[in-house]
Amino acid sequence: MKITRVAAAVVLREDGSFLLGRRSANTFYPGYWEFPGGKVEAGETPREALMRELAEELGIEVIAATPWIVREHVYEHAHVRLYFFRVTQWRGELRDHVHAALEWQHPGATTVAPMLPANAPVLAALALPEMYGITHAWQIGTAEQLSRLDAALERGLKLVQLRENALPEMQRESFVAAAVARCRQYGARVLVNGDAQLARASGADGLHLPARQLMAMSYRPPFPLVAASCHDRRELEHAARLGLDFAVAGPVLPTASHPDDAGIGWEHFAALISDLPLPVYAIGGLSPADLPAAQALGAQGIAAIRAAWRPAPAR
């Protein structure tokens, strides 16, 4: 079956809400909700199609749009490849020209239904934050890490990986229990690195797989949230085949632990994550200041070990 390329817009407001449109009666799947966008015409890039379609459908001029994920879905009438972009700035007043209705929705709290089948994983990806904090209590001590975790959660951190395989077993279990309890208090989601039994026993939201563990998997572990560390395209594609929720890729830049390693660089990172169906965080020598650069290349956001626990600089 021929693949139809489609540009899809996740139009975002500053409060994090995103725009959905209800398909009109004279289309396939009438009444279903979708992200605005449309077919990529011959000679167009997905970005060019996005800008044209949003001008036609919503009457707006796109000012800032970053590539995000690319998903495929086979409908009864077409096999589509959807190029999703996050649209954060536009000019003009939103006006509905083709949909039966428009609604602003919030990640994790969608109130409209039904959604087009291809979009369910996109809604889940939208609920992921821009920052993924990774603990290193094994280096700085459990008390200090818990103190820094408290401060980061207070500042709004919403996604945490407990990466503490180097701690002695009893100390690791105690730390993980305390960290999970803190994350629960602040409504943050938390994953345990590499230890499914501990993740389950502690009540964590999920499991983060090291690359070696990922490549030994033939099915997705049975957790609500599963992620993996990846270093090459083969690992990223395997994470996608397993249906993982997101991945982390790098190192992009030199890190404190490997200052002599130049990292893969932003250009290589962009090529590595291009056209993947799952969100990917950039990691390696990065801080929140690198977030715009990462997202401009298609990253979900930034993952960090040390920078996640440092207070934001005063303005």
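Predicted model: local features only at pLDDT ≥ 70, side-chain atom pairs only at ≥ 80, totals over all residues.
The side chain of Asn 193 makes a polar contact with the side chain of Gln 161, at 2.7 Å; a polar contact here is a pair of N or O atoms within 3.5 Å, where within protein one must be able to donate a hydrogen and the other to accept it, and residues adjacent in sequence count only if both atoms are side-chain atoms. Residues are numbered from 1 along each chain as its sequence is written, and side-chain values use heavy atoms, with hydrogens and water left out.

Asn 193 is found in strand 10, residues 189–193. Helices (H or I, at least four residues) and strands (E, at least two) are DSSP runs, numbered from the N terminus. With a relative accessible area of 5%, Asn 193 is buried; buried means under 20%, exposed over 50%, and partly exposed in between, with a 1.4 Å probe and protein chains only. Leaving aside neighbours within four places in sequence, Asn 193 is in contact with residues including Leu 162, Arg 163 and His 208, contact meaning heavy atoms within 4.5 Å.

Met 131 and Ile 302 are 171 residues apart in sequence, yet their C-alpha atoms are 5.1 Å apart in space. Not counting residues up to four places away in sequence, Met 131 touches Ile 302, Leu 157, Tyr 281 and Pro 288, among others.

What of helix 8, and which of its residues are buried? In helix 8, residues 233–241, they are Glu 235, Leu 236, His 238 and Ala 239. Seen down the helix axis, these buried residues fall within an arc of 160°, so they line one face of helix 8; the arc is that of the directions from the helix axis to the C-beta atoms. In general, an α-helix has 3.6 residues a turn, so residues three or four places apart point the same way. On the other side of helix 8, Arg 234 and Arg 241 are exposed. The cover over the buried residues includes helix 7 (211–215), strand 12 (225–230) and helix 9 (265–273).

Finally, the two ends of helix 8. At its start, a side-chain oxygen of Asp 232 reaches to within 3.2 Å of the backbone nitrogen of Arg 234. Helix 8 is followed by Gly 243, whose phi is positive, near 75°.
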